[in-house]
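Please look through the sequence and the model below. The paragraphs that follow take its features in turn.

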Amino acid sequence: MEYKLTFKQYSEALKQDKLMGLKCRACGSLTVPPKMVCRNCASPELEIAELGGGGKIRTFTTVYVAAEGRESEIPYIVVMVELDEGPWLMGNLEGIDPKQAGMELIGRKVKMGHKVFAGDKYSAGEAARPLFKLVG
Ligand SMILES: [Zn+2]
């Protein structure tokens with residue numbers, strides 16, 4: 001089996017604020033971030049699809065304890081966003097003071113941008129990750 005969309009390709013697209021996923025030819029579900037098979041039916045019959053990057057916050061957490069080498073980033077908010085197309089995607093949230101973040105964030109609309117994280121001892125090098133911004 002091969003990756004239709006590699007993590008590197010996914011990361012490169014994110015650097016241009018493009019969210020690339022995989023659409024299943026068998027069931028129509030979208031899978032993002034990329035995997036080898038459909039997250040819904042495990043079919044390997046996938047094609048690359050671009051998603052809009054909009055969605056709603058479903059849950060979040062505020063991180064106060066950083067991984068080694070990431071101490072300068074805390075505190076920060078990690079959100080789980082239900083994308084308009086259906087899949088849930090994890091990313092950071094910007095534009096709000098993490099110390100003020102409360103339950104009112106649940107259900108808020110967001111739009112995806114990106115942030116490039118430098119490589120550290122746990123990763124294979126720099127990579128872009130979703131960075132969400134509140135809208136409306
Ligand atoms: Zn499927």
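What arrangement do the four donor atoms around the zinc ion make? The model is predicted, and in it the zinc ion is coordinated by the SG atoms of Cys24, Cys27, Cys38 and Cys41, at 2.3 to 2.4 Å. The arrangement is tetrahedral because the angles subtended by the four donor atoms are 106 to 114 degrees, and four donors count as tetrahedral if all angles lie between 85 and 135 degrees. For reference, the ideal angle for four tetrahedral donors is 109.5 degrees. Along the sequence, the donor residues follow the spacing C-x2-C-x10-C-x2-C. Two of the donors can be described by their accessibility. Cys38 has a relative accessible area of 3% and is buried, whereas Cys41, at 37%, is partly exposed; the cut-off for buried is under 20%.

Next comes the barrel. Five strands close into it in the order β4-β5-β6-β8-β7, with mixed pairing. From one strand to the next, the twist averages 45 degrees. Helix α1, residues 7–14, packs on the sheet and touches β6, β7 (109–117) and β8, and its direction makes about 45 degrees with that of β8. Strands β6 (residues 88–94) and β8 (residues 127–134) run parallel and are joined by three bridges. Leu93 stands opposite Phe132 in β8.

Helix α1 also carries an aromatic pair. The structure holds one such pair. It is formed by Phe7 and Tyr10, with 5.5 Å centre to centre and 45 degrees between the planes, and is tilted. Both residues lie in helix α1, three residues apart, which is about one turn of the helix. Phe7 counts as partly exposed because its relative accessibility is 40%, while Tyr10, at 2%, counts as buried.

The loops hold some backbone geometry to check. Most residues other than glycine have a negative phi, and most peptide bonds are trans. The peptide bond from Val32 to Pro33 is cis, with omega near -10 degrees; Pro33 is in the loop between β2 (30–31) and β3 (46–51). Ile74 and Pro75 are also joined by a cis peptide bond, with omega about -10 degrees, and Pro75 is found in the loop between β4 (54–63) and β5 (76–83).

Asp17 is not a glycine, yet has a positive phi of about 60 degrees. Asp17 is in the loop between α1 and β1 (19–24) and is partly exposed, with a relative accessible area of 43%. Ala42, likewise not a glycine, has a positive phi of about 65 degrees. Ala42 lies in the loop between β2 and β3 and is partly exposed at 47% relative accessible area.

Note on methods: Residues numbered from 1 in each chain as written. Predicted model: local features only at pLDDT ≥ 70, side-chain atom pairs only at ≥ 80, totals over all residues. Heavy atoms only, no water. Donors = N, O, S within 2.8 Å, 3.2 Å for Na, K, Ca; no water. Tetrahedral: all angles 85-135°; square planar, octahedral: opposite > 155°, others 65-115°. Buried < 20%, exposed > 50% of the residue type's maximum accessible area, 1.4 Å probe, protein only. Pairing = 2+ DSSP bridges. Helix = DSSP H or I, 4+ residues; strand = E, 2+ residues; numbered from the N terminus. Axes fitted to C-alpha atoms, helices over the stretch in contact; angles between N-to-C directions. Contact = heavy atoms within 4.5 Å. Phe/Tyr/Trp six-rings, centres within 6.5 Å; stacked < 30°, edge-to-face > 60°.
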